[in-house]
Amino acid sequence: MFNDTSTPLSLLATRRSGKPRDLVAPGPDAAQLDQMLAIAARTPDHGKLAPWRFVVIDDRDALSRLLADAYRAERPQAPRGDIDALDQFARQAPTLVVVLSSPVTSSPIPLWEQELSAGAATMNLLHAAHALGFAAGWLTGWPTFSDAVRDGLGAAPERIAGFVFIGTPSRPLDERPRPDPARTVSHWPNMG
């Protein structure tokens, strides 16, 4: 069973993202989304800077236009299939939150730590969505790295950390391969 909410440890041990294209209504209502965003903000944050922002996308038509216009500006000869794929991207799942890394450049806290906090806030958003009985998927891709898309949602020096799609799975979630702890965990000093 994925996203088992019976205990906090069960949820963490069984957490599985949903593919945004497979997430359908119902999505969270306004109160549930507010709760998710409040939980997402409860993240490690050296200096109490809140170096991230959440942009709730209320108008998918406008987002689709932003993506298409930004893409065409970079690639004037873009094939129709690319534009259609961006439109589909913009319309996945009933709820979409864009997380921006929003560094406080005047702070002595290193940028890297602020960016890590934005990633942690994004992960907390996924955990909160799953804890409330939904599924979520964190996507990046071309829109994440487009300055024009970023400028439509924020401003430099902000960067898009990701697009978090939230909804109800339309089919059972699939497991994916997980790393072998023997390859990802080491002990120091090496005792043998």
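I began with what covers the buried residues of helix 2, and the cover includes strand 2 (52–56), strand 3 (95–101), helix 5 (111–131) and strand 5 (159–169). Cover here is by contact, meaning heavy atoms within 4.5 Å. I took helices (H or I, at least four residues) and strands (E, at least two) as DSSP runs, numbered from the N terminus.

Before going on, I noted that this is a predicted model, where local features need pLDDT of at least 70 and side-chain atom pairs count only at pLDDT 80 or more, while totals for chains, interfaces and linings use all residues. Residues are numbered from 1 along each chain as its sequence is written, and side-chain values use heavy atoms, with hydrogens and water left out.

**Helix 2**

Which residues of helix 2 (residues 30–40) are buried? I found Leu33, Met36, Leu37 and Ala40. They sit on the same side of helix 2 because they cover an arc of only 95° around the axis; the arc is that of the directions from the helix axis to the C-beta atoms. An α-helix has 3.6 residues a turn, so residues three or four places apart point the same way. On the face turned away from the buried side I found the exposed residues Ala31 and Asp34. Cut-offs: buried is under 20% relative accessible area, exposed over 50%, partly exposed in between (1.4 Å probe, protein chains only).

I also checked the start of helix 2, where a side-chain oxygen of Asp29 comes within 3.1 Å of the backbone nitrogen of Ala31.

**Helix 1**

Thr14 lies in helix 1 (residues 8–14) and is buried, with a relative accessible area of 18%. Its side chain reaches the backbone oxygen of Ser10 at 2.7 Å. Leaving out residues up to four places away in sequence, Thr14 touches Met1, Phe2, Asn3 and Asp4.

Ser10 is in helix 1 and counts as buried at 19% relative accessibility. I found its side chain in a polar contact with the side chain of Thr7 (2.7 Å). That term means a pair of N or O atoms within 3.5 Å; within protein, one must be able to donate a hydrogen and the other to accept it, and residues adjacent in sequence count only if both atoms are side-chain atoms.

**Helices 3 and 4**

At what angle do helix 3 (residues 60–74) and helix 4 (residues 80–90) pack? I get about 145°, with the axes 9 Å apart. Axes are lines fitted to C-alpha atoms, for helices over the stretch in contact, and angles run from 0 to 180 degrees between N-to-C directions. The contact includes Leu63, Leu67 and Tyr71 of helix 3 and Ile83, Leu86 and Phe89 of helix 4.
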